[in-house]
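Here's a quick briefing to read with the model open beside you. Have a look at the structure, then work through the points by topic.

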Amino acid sequence: MAIKMKILSAVTASLLLVANTLCHAQADSLSDYPMAAIPGGIVSVPLGITSHERPTVKLGKQPVLTVQETSGEWVAVVGVPLEQNGKLTLTSQQKQWTVEVGTHDYPEQHITVENKRHVNPETNDMTRINKEYALMGPAYKGYNGIVAEGWQKMSWPVKGPLSSPFGFKRFFNEQPRKPHSGLDIAAPAGTTILAPADGKIVLTGEFFFNGNSVFIDHGQGLISMMCHMSRIDVKDGQIIKRGDAIGAVGQTGRATGPHLHWSISMNNTRVNPLLLVADPNGNQ
Ligand SMILES: [Zn+2]
């Protein structure tokens, strides 16, 4: 177990190193924005546009977050899909931008789950799961308002060891499943979960895999999802501030112990939450 944890932290450290190295390659004015041009990372792309109006830039059909530099130039901040290979292309009605995306070999993680339906759902489970996807899909695709202040320097929703990093290739009972789309933070059941940034609650519910879950819309397609909660203390439509209590840590849904699963999505793409926390080593 100790060896496993050491490997996990080494991987986390190497990912941060990648992020920092790439960050320093950028102009100073961009250094506040996340930069990790790898699958599951985030790229900040100067658009060469200084219009008064916010430009609409898309990755595929999904609008991406845009912010304006003090110089007046607009920058697109884009979540890179885990399955992205090579070039990533952004488009507006007039222009196109291409970004080179490198590779990153996320390690494998093998997990034993006792509830076999959480690995191979039954037919009626699939009916439920598909209904849940129909709720979660629009929550992830939402593009509302202006992004919350301090969005690129989020605070930890709970503190604790990172029991499963983002992006790991996962095997449940030795069967391959989707890569880990968030960050798992181990904490005792009942620990209060705090909002990592301002936002609006756009979906709450009890889901088959994710258990009790809360979706926070931080604006412009930046969404947090908190899962496996023992308790939800917010309601759909509620406006929340950074640091507000939203519920408590649990192990509802597919979880082998109490922890918070925290996903961050940009342009409907799950990215590594460590790229958006103010203090990536401050989880303990
Ligand atoms: Zn997780």
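In this predicted model, Ile-42 sits opposite Gly-79 of strand E5.

- E1 and E5 (residues 74–79) run antiparallel to each other, paired over five bridges.
- Strands of a sheet pair through backbone hydrogen bonds, in either a parallel or an antiparallel way.
- The open sheet has three strands in the order E1-E5-E4, with antiparallel pairing.
- Its edges are E1 (42–46) and E4 (65–68), each of which pairs on one side only.
- From one strand to the next, the twist averages 25 degrees.

**The zinc ion**
- Which residues hold the zinc ion? His-180 does it through NE2, Asp-184 through OD and His-261 through ND1, at 2.0 to 2.1 Å.
- Along the sequence, these donor residues follow the spacing H-x3-D-x76-H.
- Is His-180 buried or exposed? His-180 has a relative accessible area of 2%, so it counts as buried.
- Asp-184 is buried too, with a relative accessible area of 6%.

**His-118 and its surroundings**
- You'll find His-118 in the loop that runs between strand E8 (108–111) and helix H2 (123–141).
- His-118 counts as buried because its relative accessible area is 11%, under the 20% cut-off.
- Its side chain reaches the backbone oxygen of Phe-208 at 3.4 Å.
- Leaving aside residues up to four places away in sequence, His-118 touches Val-113, Phe-208, Phe-209, Gly-253 and Arg-254.

**Aromatic pairs**
- How many aromatic pairs does the structure hold? There are five.
- One of them is Tyr-33 with Trp-151, a stacked pair at 6.2 Å centre to centre and 15 degrees between the planes.
- Tyr-33 lies in the loop between helix H1 (2–24) and E1, while Trp-151 lies in the loop between H2 and strand E9 (162–164), so this pair ties together parts that are 118 residues apart in sequence.
- Both partners are tucked away: Tyr-33 is buried at 10% relative accessibility, and Trp-151 is buried at 4%.
- Phe-208 and Phe-209 make an edge-to-face pair, with 5.0 Å centre to centre and 80 degrees between the planes.
- Phe-208 and Phe-209 are both buried, and both turn up among the residues that His-118 touches.

How values were computed. Residues are numbered from 1 along each chain as its sequence is written. This is a predicted model: local features need pLDDT of at least 70, side-chain atom pairs count only at pLDDT 80 or more; totals for chains, interfaces and linings use all residues. Side-chain values use heavy atoms; hydrogens and water are left out. Donors are N, O and S atoms within 2.8 Å of the metal (3.2 Å for Na, K and Ca); water is not among the atoms, so sites may look incomplete. Buried means under 20% relative accessible area, exposed over 50%, partly exposed in between (1.4 Å probe, protein chains only). Helices (H or I, at least four residues) and strands (E, at least two) are DSSP runs, numbered from the N terminus. A polar contact is a pair of N or O atoms within 3.5 Å; within protein, one must be able to donate a hydrogen and the other to accept it, and residues adjacent in sequence count only if both atoms are side-chain atoms. Contact means heavy atoms within 4.5 Å. Two strands pair if DSSP finds at least two bridges between them. Axes are lines fitted to C-alpha atoms, for helices over the stretch in contact, and angles run from 0 to 180 degrees between N-to-C directions. Rings of Phe, Tyr and Trp (its six-membered ring) pair if their centres lie within 6.5 Å; planes under 30 degrees apart count as stacked, over 60 as edge-to-face and the rest as tilted.
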